[in-house]
Amino acid sequence: MAYTSYVAVGDSFTEGLNDPPIHATGVDPGQAERFRGWADRVAEHLGRLQPGFRYANLAIRGKVLDQIIAEQVPLAMEMRPDLISFCAGGNDLLRPGSDPDRMAKKLGAAVRDLRSTGADVLLFTGVDPRDTPIMRRARGTFATFYLHVRSIADLYGCHLVDQWSMQGLRDWRAWSDDRLHMNEHGHRMVAAKVLDVLGVPSEDTWRTAWPPREDVDPRVKRREDAQWVREHLVPWIGRRLTGRSSGDGLGAKRPDLAPLDSTGS
């Protein structure tokens, strides 16, 4: 299918953290930092194939599932694009006591509403967290939710991007220093996977085979881990305990469905 319009909804993953921008012009004053990300990369590729292609990205870092459903899904439905990507729940799963079954019911209802507009809907599983020390303990909770996502995709006829099976994303070279967000390489792989799922030819591949890494001195590894705890983990825990979010006060980077050569605002 030749898509003429695309709306992306979600959290930091879809906003594009931490894939640096190509340029910083036309940035929304309410946006602390403009990132590119897999969704922008997909939109740029689709735009090269379809004159007049329009794109909106409503995703905002730190948003949980309820917020995305309440604030972004209705806007996406009003825009009535050909394609909607919907990735949410990661921030919920990171919080103690998250209920993947209850989350799935909410997700399923939102997907049903999105599909009722006639749009193709793109859903995502997350990356297998078994290599991440903190998240590894909740691996069963993550797996349960993503099995629900697979079922929802099947039930409502959605496209599914299965990141769990993307072995290249299990390498730390696909991630930024905060170990929570992908870097340019990770976002590029996801964009290639999305295009593959949509049946759109692309010059990139998601089947990345990383070259072997040199052994790391355990002392260096411990210093790196300690630095990560100070600079990234402690601030993240602090925001959770005080009810704050990294997205507080930020607006969507492309709030309107507009041609790619505009800011969408």
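Me: At what angle do helix 2 and helix 9 pack, and how far apart are their axes?
Reply: Happy to start there. In this predicted model, helix 2 (residues 37-49) packs against helix 9 (residues 184-198) at about 50°, and the axes are 8 Å apart.

Me: Why is this pair called oblique?
Reply: Angles under 35 degrees count as roughly parallel, and those from 65 to 115 as roughly perpendicular. The angle here is about 50°, so helix 2 and helix 9 are oblique to each other. As for handedness, helix 2 passes helix 9 in a right-handed crossing.

Me: Which residues make the contact between helix 2 and helix 9?
Reply: Helix 2 brings Gly37, Trp38, Arg41, Val42, His45 and Leu46. From helix 9 come Glu184, His187, Arg188, Val190, Ala191, Val194 and Leu195. By class, the residues of this contact are seven nonpolar, three polar and three charged.

Me: Why are helix 6 and helix 8 called roughly parallel?
Reply: The axes of helix 6 (residues 100-115) and helix 8 cross at roughly 25° and come within 10 Å. Angles under 35 degrees count as roughly parallel, and therefore that is the word for helix 6 and helix 8. Helix 6 passes helix 8 in a right-handed crossing.

Me: What makes up the contact of helix 6 with helix 8?
Reply: On the helix 6 side, the residues include Met103, Ala104, Leu107 and Val111. On the helix 8 side, Phe145, Val149, Ile152 and Tyr156 are among them. The contact divides into nine nonpolar, four polar and three charged residues.

Me: How many cavities of 30 Å³ or more are there, by the rule used?
Reply: There are two. The largest cavity has a volume of about 40 Å³.

Me: What makes up the lining of the largest cavity?
Reply: The lining consists of Phe86, Cys87, Ala88, Leu107, Leu123, Phe124, Phe145 and Val149. Strand 3 (83-87), strand 4 (120-124) and helix 8 (139-156) each supply at least two of the lining residues. By class, the lining has eight nonpolar residues, no polar and no charged.

Me: What kind of peptide bond joins leucine 17 and asparagine 18?
Reply: That bond is cis, with omega at about -5°. Asparagine 18 sits in the loop between helix 1 (12-15) and helix 2. For context, most peptide bonds are trans.

Me: What makes arginine 80 worth a look?
Reply: The phi of arginine 80 is near 50°, a positive value in a residue other than glycine. Most residues other than glycine have a negative phi. You will find arginine 80 in the loop between helix 4 (73-79) and strand 3.

Note on methods: Residues are numbered from 1 along each chain as its sequence is written. This is a predicted model: local features need pLDDT of at least 70, side-chain atom pairs count only at pLDDT 80 or more; totals for chains, interfaces and linings use all residues. Side-chain values use heavy atoms; hydrogens and water are left out. Axes are lines fitted to C-alpha atoms, for helices over the stretch in contact, and angles run from 0 to 180 degrees between N-to-C directions. Helices (H or I, at least four residues) and strands (E, at least two) are DSSP runs, numbered from the N terminus. Angles under 35 degrees count as roughly parallel, over 145 as roughly antiparallel, 65 to 115 as roughly perpendicular and the rest as oblique. A crossing is left-handed if the near helix is turned anticlockwise from the far one by less than a right angle, and right-handed if clockwise. Contact means heavy atoms within 4.5 Å. Ala, Val, Leu, Ile, Met, Phe, Trp, Tyr, Cys and Pro count as nonpolar, Asp, Glu, Lys and Arg as charged, and the others, Gly among them, as polar. On a 1 Å grid over the protein atoms alone, a cavity is a set of points where a 1.4 Å probe fits but cannot get out, and a pocket is an open set with protein on both sides within 12 Å along at least five of seven lines; lining residues have an atom within 4 Å of a point. Grid points are joined across faces, edges and corners, and a volume is the space filled by probe spheres set on the points.
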